[in-house]
Amino acid sequence: MRKPSRRQFLKIMGVGGAALLAGRRAAASEEHHVNNETLGMLYDATKCVGCKACMASCKRVNGDYGSLSYERAPFDSDGLWDAPQDLSGSTRTLIKLFKESEREWSYVKYSCMHCQKPSCVSVCPVTAMTRDPVTGIVDYNKNACIGCRYCQVACAFTIPKFQWEKAIPQIVKCDLCKNTNLPKKGISACAEVCPTGAIMFGKRKDLLAEANKRLQEHPGTYLDHIYGEKELGGTNHLYLAAMQFNKLGLPVLKTEAPAEFSEKIQHTIYKGFIAPVALYSTLCFIAIKNMRNGNGEHKAEHDATTDKPKEDGDGKR
Amino acid sequence: MGNDEYQKLNTRILTPSFCVLLTLTLIGFALMAVRFIKGIGAVSNMSDGYPWGIWITYDVATGTAIACGGYAMAILVYIRNRMHYHPMIRSAILTSMFGYGLAGFSVMVDVGRPWNAYNFFIPSHWQANSAMFEVALCVMAYTTVLIIEFMPAILTWIERTEWRTLQHLLNKLYGRLGKPAPEHLADRLEGVKEIAAWLKPRLDKALIFIIVLGITLPTMHQSSLGSLLLIASTKLHPLWYTGFLPLLFLINCVYIGYSIAILESVISCYAFKRPFETAELAGLARIIPWLTVIWLSVVVGDLAWRGQLAAAVSLDFYSRFFLLEFCLIGGGSLLLFSGRKRASVRWLFVSAVLIVLGGALYRFNVYLIGFNPGKGWHYFPALAELLITVGIVAFEILGYQVLVKILPVLPRLHTREQHEAAGHGAAEKA
Ligand code: SF4
Ligand code: SF4
Ligand code: SF4
């Protein structure tokens, strides 16, 4: 009884291993490529004057479609401010001011990075987060979303926000005005109103060219780094700044997209569903065989146990 | 696989513990109503930084591991061919059924837009890259499988009950109306019984395929519960973030499963005043340390390979939780290596508790404690949030208590109380 079952165990391992190898080979061919024809924005922190016209414009344009609303700060008992403290279920974009000292400071704008290999799209179980292959826009569909908030767990920038206070909540995040300003005017609402040109809207290749040009022309002004060019496999929202990006709330990140690694493992296990099916059939085989041979033994053992509570025979493995 | 291996427990249902559990359950469900009316924020401390709180961490990630008793026992009985454990399997399946059913239920409380869940069944919305998609489908399928696996108990019950109370009630009802109870009602009950009797042997034959499905599915989704956090490479502390998460979660749920099977048997024997199944328990206990040793070696080997051993013993916040988890599991297993301790119910109980706590802490570490979304985010569950979880757990225990008293679930007593058992059996058959 024992020997065959061990051999069968090895067999499962063999089948499983073969499936794993097959999966690995297939996964290796799925390397992702950066598409520079897709749309994005370049935010230049040194040009931003902190007027927050972009924030106001985003709420005005996307308010109804994106379920945005004005926010009250805790100090605002008179209801005189729209004062979001962070991106939230009511706010898609936000300007913050980082203060290094009295004289040194920098504005920074937050909104979705529109990653080239977005984690939020990779993890969404019902395809409510999607990335348009042509425009590169990462969009959210509330009619599909189940509200599991896995996208929030997954996003390294913690961009997707959830409406915690609503009975019918949804995820809120920048969609590059895909359904509002972009089709109407061909530009995002925040870039459209920026008075200093701190937000540039366009194709990723043009944004990168412009960023490199600025870095070359004013080497003293900027840190020599285009944030988003390489981070997490590249993002379509790019940043230039004079100060360390992690101080501005943009984390130091590796160049690989986390989704590549997790998908590789997931694909390795589940490619073509071979491993689960192999596992099932092998287990069926063993179980049925055990049952056929085992029924007699089963009875006998039972009688044995009724007579005397014998030491269990499990040790002889 | 005779149904005669099992018996129901003939005691009162309305006990003091029943009332306590019922109160907790009702409080929990009332708070759930608040959550649906006023939004998740009204009852919980979850935030955009910590979008998964205690509901996912305990009810889903840990609760399903604790509910792996049925899975672990099925591997032992059907795959490793240890048929003498068969009598223990039905109560293990019952707890698994409750654990998984309620995990599914708490997911519906936790997600923000549950009415969209039908999208899981629409192929155009499928997303095979998502570990959560895999977990959701497998958990749904497995819960169904558990219900089917439990069917023989229900069918036996239908077959053997006399339906006297029901008859009585009907007679009374019709008496009130001044009419005699119609004959065909009794006939219909007979019909139901006949269907049950017809179904049972057929189900028994097909059951092995379902049972094996019940082994395959947990293997898939328990590992995927680990895969869920693979995406959070920037947020999960390096002590726990590793490509081995799926493997670690899989082994983790198996040793938790055996430990829970031990605890469950000890507790129910104690609570229902039955003799302890010492020989079976010692046998189970012998398997656990091998699994934990493999698990701990993977953990340590992986930490060494990634150069995180120093971080593990640095005694900072994360390292303390890691060491606690490590010591609980390691300590519990050490106890079980000794044959004498395995033979004592008390030591068995202690070590199984240690291992379950350690194993559960591992899942908490991965889902909550080691999860750091960045500066400025904090999470500790709100009282209402905790009470909802407590309510769900109370409901689970309540259901178990009631069902073992109605259905033949617990192993039939053979040894010490042989003639008493015979008496029970006779009473049940009568
Ligand atoms: S920044 Fe976050 S939300 Fe935006 S595309 Fe990337 S992963 Fe998705
Ligand atoms: S919350 Fe919605 S969008 Fe985000 S992962 Fe879940 S289903 Fe997808
Ligand atoms: S691109 Fe549109 S949605 Fe995104 S931040 Fe700008 S205005 Fe708001």
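**Close-up views of a two-chain predicted model**

**View 1. The interface of chain A and chain B.** In this predicted model, 69 residues of chain A are in contact with 80 residues of chain B; contact means heavy atoms within 4.5 Å. The size of an interface is often given as the accessible area lost when the parts come together. Between chain A and chain B about 6,400 Å² is buried, and carbon and sulfur atoms give 58% of it. Buried area is the accessible area (1.4 Å probe) that two parts lose on being put together, summed over both. Tyr150(A), Val153(A) and Trp164(A) lose the most area in chain A to chain B, together 11% of what that side buries.

Residues are numbered from 1 along each chain as its sequence is written, chains are lettered from A and ligands numbered from 1 in the order in which they are written. Local features need pLDDT of at least 70, side-chain atom pairs count only at pLDDT 80 or more, totals for chains, interfaces and linings use all residues, and side-chain values use heavy atoms, with hydrogens and water left out.

**View 2. Polar links and elements at the interface.** Between chain A and chain B, 34 residue pairs are in polar contact (both at pLDDT 80 or more). A polar contact is a pair of N or O atoms within 3.5 Å; within protein, one must be able to donate a hydrogen and the other to accept it, and residues adjacent in sequence count only if both atoms are side-chain atoms. Helix H9 (274–307) of chain A is one of the elements that supply at least two residues of the side touching chain B, and H9(A) gives the largest share, 15 residues. This side of chain A has 38 nonpolar, 17 polar and 14 charged residues. Ala, Val, Leu, Ile, Met, Phe, Trp, Tyr, Cys and Pro count as nonpolar, Asp, Glu, Lys and Arg as charged, and the others, Gly among them, as polar. Helices (H or I, at least four residues) and strands (E, at least two) are DSSP runs, numbered from the N terminus.

The rule finds 1 salt bridge across the interface. Asp110(B) forms a salt bridge with Arg149(A), with the closest N and O atoms 2.9 Å apart. A salt bridge is a side-chain nitrogen of Lys or Arg within 4 Å of a carboxyl oxygen of Asp or Glu.

**View 3. Ser224(B) in helix H7.** Ser224(B) lies in helix H7 (residues 183–227) of chain B. Ser224(B) counts as buried because its relative accessibility is 0%; buried means under 20% relative accessible area, exposed over 50%, partly exposed in between (1.4 Å probe, protein chains only). Not counting residues up to four places away in sequence, Ser224(B) touches Gln266(A), Tyr270(A), Ala131(B), Glu134(B) and Val135(B).

**View 4. The shell around ligand 3.** Of the 13 residues around ligand 3, those that come nearest are Cys58(A), Arg92(A), Cys174(A), Cys177(A) and Cys190(A); a residue is near if one of its heavy atoms lies within 4 Å. The shell has 7 nonpolar, 4 polar and 2 charged residues. Arg92(A) also meets Asp175(A) in a salt bridge (2.9 Å, N to O). This pair links parts of the chain 83 residues apart, and both Arg92(A) and Asp175(A) are buried.

**View 5. A salt bridge in chain A.** Glu37(A) forms a salt bridge with Lys203(A), the closest N and O atoms being 3.6 Å apart. Glu37(A) lies in the loop between helix H1 (2–28) and strand S1 (39–44) and Lys203(A) in strand S8 (residues 199–203), so the pair ties together parts 166 residues apart in sequence.
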